[in-house]
Amino acid sequence: MAAEKIAVLVDSCSDVPPELRLRHHMYLVPQLLIYPEGEFRDGVDITPGEVYSRMPGEIPSTSLPGLAAVTDTIHQMRHDGYTRVVAVAISSGLSGTCNLFSLVPPPMGMRIEVVDTLNIGIGSGFVALLAARLIEEGRGFDEVVRICREHVRDSKLFICFNTLDYLRRGGRIGRVAGMLGSMLDIKPIVSCDERGVYYTAAKARGRKKQLRTALRMAEEFAAGTPRYNLTVMHADAAEEAAEVLSRLTEKLPAPELVVTGEISPALVVHTGPGLIGIGVQRLP
């Protein structure tokens with residue numbers, strides 16, 4: 001209905017690839033990376049490669065965008081004819097993005113509903129893609145919001161960190177326990193819990209076992225689900241990610257969508273290089 005033209009707003013740390021944002025007419029609010037020489041908009045003014053090239057000697061801080069940036073985006077959406085906004089944000093347990101989105105006063109005649117995905121990266125982005133699909137099916141605004149909120153726990157990302165040093169520096173360690181020591185080569189598989197906070201889902205000795213364990217966990221999460229999306233995202237580990245994706249699609253051979261690529265520069269700050277994220281979205 002013309003009076004209820006619906007759009008999806010995402011933050012850059014939801015990791016929806018640009019081609020999918022374009023296809024589904026999503027609007028983006030980028031996080032900020034702060035270096036001594038100035039601020040850079042996440043994925044707009046700076047690439048993951050540029051962040052890696054300055055590591056480990058130089059690690060930027062990250063920041064939420066200003067309220068004015070979000071307000072400007074909302075007003076652009078209104079100018080483009082949208083009257084309803086599904087604002088999809090990474091976990092409130094890891095970021096202030098949800099709160100920031102909720103602070104924006106909507107223009108006259110516009111409604112904004114914020115969906116806290118309780119997730120990070122494409123685990124959050126999958127919820128935005130679900131919203132886009134429901135909108136394209138002609139669902140009403142309240143129904144889209146309700147279904148997205150009911151199914152946030154149907155997206156699960158198993159994150160294989162190569163090191164926890166960057167996560168510790170950023171203060172986002174959550175419930176991730178300290179490792180037993182580098183001599184033992186113990187590597188965690190990290191995910192988000194029911195509160196949207198990082199926790200150690202499993203541990204493995206060595207990288208190969210870490211990835212095998214994460215693949216098994218993804219397969220178990222998808223068990224019994226007739227329709228699902230898959231993802232393998234990475235941080236400066238493209239060859240390894242391609243191999244993992246091949247193994248994942250052997251185990252789960254009929255996904256409706258496969259999302260792969262590099263995580264956003266702002267996420268790189270808190271992960272460092274070598275991350276592999278393996279994920280599943282169970283579709284309603």
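Helix 8 (residues 207-222) contributes the most to the positive patch, with 3 residues; helices here are DSSP runs of H or I with at least four residues, strands are runs of E with at least two, and both are numbered from the N terminus. The model is a predicted one, in which local features need pLDDT of at least 70 and side-chain atom pairs count only at pLDDT 80 or more, while totals for chains, interfaces and linings use all residues. Residues are numbered from 1 along each chain as its sequence is written, and side-chain values use heavy atoms, with hydrogens and water left out.

The patch of positive charge lies on the surface and gathers Arg205, Lys208, Lys209 and Arg212. Its members have over 30% relative accessible area and no salt bridge, and like charges are joined within 9 Å. Accessible areas come from the Shrake-Rupley method with a 1.4 Å probe, and a salt bridge is a side-chain nitrogen of Lys or Arg within 4 Å of a carboxyl oxygen of Asp or Glu. The place of a charge is taken as NZ of Lys or CZ of Arg. Arg205 itself is located in strand 10.

Cys160 stands opposite Ile276 of strand 13.

Another open sheet has 3 strands in the order 4-3-5, with antiparallel pairing. Its edge strands, strand 4 (38-41) and strand 5 (61-63), each pair on one side only. Strand 3 (residues 32-35) is joined to strand 5 by 3 bridges, and Leu32 stands opposite Ser63 in strand 5.

In the loop between helix 2 (48-53) and strand 5 lies Pro56, which a cis peptide bond joins to Met55, with omega about -5°. Asp15 is placed in the loop between strand 1 (6-11) and helix 1 (18-23); its phi is near 60°, a positive value in a residue other than glycine.

Notes
Two strands pair if DSSP finds at least two bridges between them. Patches are made of residues with over 30% relative accessible area and no salt bridge: like charges are joined within 9 Å, nonpolar side chains (Val, Leu, Ile, Met, Phe, Trp, Tyr) within 5 Å. Lys and Arg count as positive and Asp and Glu as negative; His and the chain ends are not counted.
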